[in-house]
Amino acid sequence: MKVAIVGASGAVGQEFLRVLEEREFPIDELLLFGSTRSAGSKYKFRGKEVEVQLLRHGDDFRGVDIAFTSAGAGTSREFAEDITRYGAVMIDNSSAFRMDDDVPLVVPECNAEDALNRPRGIIANPNCTTIMMVVALQAFERLSHIRRIHVASYQAASGAGAAAMQELEQQYRQIAAGEEPTVEKFAYQLAYNVIPQIDVFMDNGYTKEEMKMYHETKKIMHTDADVSATCVRVPSLRSHSESIWIETERPISVEEARAAVSGGEGLVLMDNPAEKEYPMPLFLAGKDPVYVGRIRKDLANPCGLTFWIVSDQIRKGAALNAVQIAEYLIRVGNIG
């Protein structure tokens with residue numbers, strides 16, 4: 001199995017290396033690619049150093065079985081033909097192809113089979129906020145069809161990259177020292193603040209991030225459910241949180257919901273209010289599952305349920321989900 005990582009020096013690229021090693025993914029040869037800035041860097045994988053090659057047009061992907069790409073939408077579009085030309089499956093973490101009709105958008109817990117139909121050799125990894133939400137929604141969809149979804153996300157600085165995490169830490173240090181905080185990665189100071197905007201605003205008043213959740217959820221779950229989102233940047237470092245309200249065709253009891261989460265793939269129930277046990281990003285960074293708590297009936301809707309989820313968006317929201325797609329393809333004999 002010959003595997004490539006494009007964007008190896010970025011936060012998600014580094015997470016790919018950790019996840020592939022931890023899960024003992026079958027790799028005979030690993031290739032790393034990056035920009036002129038990162039080319040020549042070396043990273044350890046399974047005790048050996050692997051040097052980052054410059055990503056360029058040509059035949060460098062000849063013989064590659066799987067290419068994990070996380071270098072931005074522009075790079076993915078520019079190099080997709082080079083990557084897939086010789087039969088490699090491109091599992092892309094950018095927004096470049098997510099809503100293309102001939103590119104499957106896959107979360108293995110929900111729609112793994114969609115990955116088998118990939119006319120262009122490309123499989124898209126969804127937005128991190130969508131991934132963690134649909135993993136939880138799938139457990140409830142199996143009990144009763146979900147008609148409506150309302151979600152408010154509380155997204156960590158790491159969602160904007162490693163430099164954004166560094167800026168948040170720097171802001172806290174600067175404020176403590178009585179200095180003016182540096183503001184470059186976000187529209188406003190994030191330390192001691194929350195920012196109700198992630199990505200640019202669209203004509204309908206929603207941000208691009210919020211509309212991603214709307215469109216991607218429908219495509220992944222093959223659902224007619226309506227989705228309305230508000231996405232907020234919060235001053236935590238890593239792992240996103242979401243407060244979700246759903247309306248189902250029939251009422252779902254709290255007991256049913258907890259049982260569904262307990263038996264759900266990729267989910268961990270953390271819901272013991274009496275002991276103040278519920279998911280929090282501070283304690284769940286670096287973990288694989290989507291954690292679910294605060295499950296309760298919606299007081300405003302007899303068919304409503306509301307709950308809280310937390311997941312590490314660099315792992316399940318990016319690298320881990322992509323690796324799980326590849327593992328599924330290997331398991332069913334569709335690759336390698």
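## Strands E11, E12 and E13

Strands E12 (290-297) and E13 (304-311) are paired antiparallel through five bridges; strands count as paired if DSSP finds at least two bridges between them. Helices (H or I, at least four residues) and strands (E, at least two) are DSSP runs, numbered from the N terminus. Within this pair, Gly-293 is placed opposite Trp-308 of E13, and a hairpin of six residues connects E12 to E13. E12 also pairs with E11, in the parallel sense, over three bridges. Leu-269 has Val-292 of E12 as its bridge partner.

This is a predicted model, in which local features need pLDDT of at least 70 and side-chain atom pairs count only at pLDDT 80 or more, while totals for chains, interfaces and linings use all residues. Residues are numbered from 1 along each chain as its sequence is written, and side-chain values use heavy atoms, with hydrogens and water left out.

Helix H7 spans residues 254-262, and its buried residues are Val-254, Ala-257, Ala-260 and Val-261. These residues lie on the same side of H7 because they cover an arc of only 125 degrees around the axis; the arc is that of the directions from the helix axis to the C-beta atoms. Buried means under 20% relative accessible area, exposed over 50%, and partly exposed in between (1.4 Å probe, protein chains only). Glu-255, Ala-259 and Ser-262 are exposed on the other side of H7.

The buried residues of H7 pack against strands E11 (267-269), E12 and E13, and also against helix H4 (128-141). Contact here means heavy atoms within 4.5 Å.

Strand E1 (residues 2-6) runs parallel to E2, the two being paired over five bridges. Ile-5 has Leu-32 of E2 as its bridge partner. Five of the six residues of E2 are buried, so that this strand is mostly covered.

The loop from E1 to H1 contains Gly-10, which is partly exposed at a relative accessible area of 32%. Between Gly-10 and Pro-126 there are 116 residues in sequence and 18 Å in space, C-alpha to C-alpha.

## The two largest pockets

The largest pocket holds about 1,300 Å³ of space. Among the 49 residues of its lining, Ser-70, Gly-72, Gly-159, Ala-160 and Gly-161 are the closest to its centre. Two or more lining residues come from each of helix H1 (11-22), strand E2 (29-34), helix H2 (73-84), helix H5 (162-176), helix H6 (208-221) and helix H9 (315-331). By class, the lining of the largest pocket has 19 nonpolar, 23 polar and seven charged residues. Ala, Val, Leu, Ile, Met, Phe, Trp, Tyr, Cys and Pro count as nonpolar, Asp, Glu, Lys and Arg as charged, and the others, Gly among them, as polar.

A pocket is an open set of points on a 1 Å grid over the protein atoms alone, where a 1.4 Å probe fits, with protein on both sides within 12 Å along at least five of seven lines; lining residues have an atom within 4 Å of a point. Grid points are joined across faces, edges and corners, and a volume is the space filled by probe spheres set on the points. The second largest pocket has a volume of about 220 Å³. Its lining consists of 13 residues, with Ser-95, Met-99, Lys-208, Lys-212 and Glu-216 nearest the centre. H6 supplies five residues, the largest share of this lining. The lining of the second largest pocket divides into five nonpolar, two polar and six charged residues.

## The buried loop residue Ala-115

Ala-115 is located in the loop between helix H3 (108-111) and strand E7 (122-124). The residue is buried, with a relative accessible area of 0%. Apart from neighbours within four places in sequence, Ala-115 contacts Pro-104, Val-106, Ile-123, Ile-325 and Leu-329. Ala-157, by contrast, is 42 residues from Ala-115 in sequence and 30 Å from Ala-115 in space, C-alpha to C-alpha.

## Positive phi angles

Most residues other than glycine have a negative phi. Arg-46, however, has a positive phi near 55 degrees. Arg-46 belongs to the loop between strand E3 (42-45) and strand E4 (48-54) and is partly exposed, with a relative accessible area of 35%.

His-222 is not a glycine either, and its phi is positive, at about 50 degrees. His-222 is found in the loop between H6 and strand E9 (226-233) and counts as exposed, at 58% relative accessibility.
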